[in-house]
Amino acid sequence: MARNAKQPAGRQASAKKTKAKKKSKVIIFAVEILVLAVLLGALWLLRDFGNKPDNSTNRGPTILDVDFKEEDIAINEQVLENEHMEGYRNIALFGVDSRTGQLAKGTLSDCIIIASINQDTGDVKLVSVYRDTYLNLSNDKYGKCNSAYSYGGAEQALKMLNMNLDLNIKEFVTVGFEGLTATVDALGGVYLDVDKEELKHINSYQKCMAEDMQISWTPVEETGYQLLNGLQATAYCRIRYRSGNDFARAAAQREVIQAIAETAKKADASTLVKVANDVSGYVYTSFSLDEIIGLLGEITKYNIVAEEGFPKSDMRGSDTLGSKGSCVFPIDLDDNVKWLHEFLFNDTTYEPSEEVKECSKEVRRFVSQYVTLP
């Protein structure tokens, strides 16, 4: 067996504790949650100025309104013909390691979340793809999957996800530290439960980001359920040094998303207008304004029904893989892809494509040089 193919008892307990915090369902799906204010800002600016928002003047999100070709983002024929995926809309949410608004490329995607929406029922399932997962970066070079965004922006990151997971993602939303911080601040903060372990690190993350962003910061001084401001909440979801490491961090990111949702649902119109004004320049997205309007018009239709992490907890390992450093790896990528399609699309008979099988062989070949695999 791989040395860390299964999480130790302490890590599993932490994961259960984190999951217990997030049992309540929310009405707005994950992508809309994190960028709700920005999307509202786009509509507000459209009404006021009558044209597309201009990111360079901080008047709204960068809206690409792109239509990627299937071959350019590695959507293969098997996926295009898969009847089980019909009726689902799959969107990628990227949270990038940027403190200064660099969202197009040249920065790592610390947060990668796939939101899969059943358009008939409104049910939404979320999957965090762990940033250190060893995968094909879409160019037959292998490494940590978060580097795909750095090399080729959202287009290469989408290609990486589609190639390794047999998906058909064409839409994305990207935010950086400033966007998340501004959203939380404009909402007046969010309530999160800071434990003793997290308190040790949250302020060091704040200090580092504040220096890079050239802003002031306020220390978190005690544990417990409390109101955190934007920088504090952003620091909270960036902590890696907690039980569960990056697996727990991905869960914390989803926890912050849900906290934002709960706060936004209670906000009055003037608060949302303030959010729109404060946040509108901090997002990079493929959505057109018409699509944004359509999504906002159907907010109450969506309901998060399940969430998971990829690779699956009992189908992954983690170890130092030579020059690639500390990585998460699927023990068998093709088995993980089978599980993913069952989880997202209720497809119990899915057989991965030849492309995925080739990626799976290469991942196993490389990992087996450093770890004994089953």
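Biologist: What share of the 374 residues in the protein chain do buried residues make up?

Modeller: Buried residues make up 57% of them. Keep in mind that this is a predicted model. Buried here means under 20% relative accessible area.

Biologist: How many helices and strands does the protein chain have?

Modeller: There are 12 helices and 13 strands. Look at the contacts too. Take those between residues at least 6 apart in sequence: 74% of them join residues at least 24 apart.

Biologist: Now the inside. How many residues does the largest nonpolar core have, and which have the most contacts inside it?

Modeller: A nonpolar core is a set of buried nonpolar residues joined through side-chain atoms within 4.5 Å. The largest one here has 53 residues. F94, L161, L165 and L167 have the most contacts inside it. Several elements give two or more residues to this core, including strand 2 (88–96), strand 3 (109–118), helix 11 (333–345) and helix 12 (354–367).

Biologist: Which helix gives the most to this core?

Modeller: Helix 4 does, with nine residues.

Biologist: Let me zoom in on one residue. What does L167 touch, not counting residues up to four places away in sequence?

Modeller: L167 touches I75, V79, M85, I114, N162, L340, H341, L344 and F345.

Biologist: Now a whole strand. How many of the five residues of strand 7 are buried?

Modeller: Read a strand face by face. In strand 7 (residues 171–175), five of the five residues are buried, so the strand is largely enclosed by the rest of the structure. E171, V173 and V175 cover one side. F172 and T174 are on the other. Both faces are covered.

Biologist: In which sense, parallel or antiparallel, do strand 2 and strand 7 pair?

Modeller: That pair is parallel, over five bridges. G95 stands opposite V175 in strand 7. Strand 10 (residues 283–285) pairs with strand 7 in the antiparallel sense, over three bridges. There, T174 stands opposite Y284.

Biologist: On to charges. How many salt bridges does a search of the whole structure find?

Modeller: Start with the general idea. Side chains of opposite charge can pair when their charged atoms come close. The search finds 11 salt bridges here.

Biologist: What does E171 form a salt bridge with?

Modeller: Its partner is R89, with the closest N and O atoms 2.6 Å apart. E171 lies in strand 7 and R89 in strand 2, so the pair ties together parts that are 82 residues apart in sequence. E171 and R89 are both buried.

Biologist: What does K170 form a salt bridge with?

Modeller: K170 pairs with D67, the closest N and O atoms being 3.1 Å apart. K170 lies in the loop between helix 4 and strand 7, and D67 in the loop between strand 1 (62–63) and helix 3 (77–80), so the pair ties together parts that are 103 residues apart in sequence. K170 is partly exposed, with a relative accessible area of 25%. D67 counts as exposed, at 63%. D67, E70 and K170 are linked in a network of salt bridges.

Biologist: Where do E358 and K361 lie?

Modeller: Both lie in helix 12, three residues apart, about one turn of the helix. E358 counts as partly exposed, at 45% relative accessibility. K361 counts as exposed, at 55%.

Technical notes. Residues numbered from 1 in each chain as written. Predicted model: local features only at pLDDT ≥ 70, side-chain atom pairs only at ≥ 80, totals over all residues. Heavy atoms only, no water. Buried < 20%, exposed > 50% of the residue type's maximum accessible area, 1.4 Å probe, protein only. Helix = DSSP H or I, 4+ residues; strand = E, 2+ residues; numbered from the N terminus. Contact = heavy atoms within 4.5 Å. Pairing = 2+ DSSP bridges. Salt bridge = Lys/Arg side-chain N within 4 Å of Asp/Glu carboxyl O.
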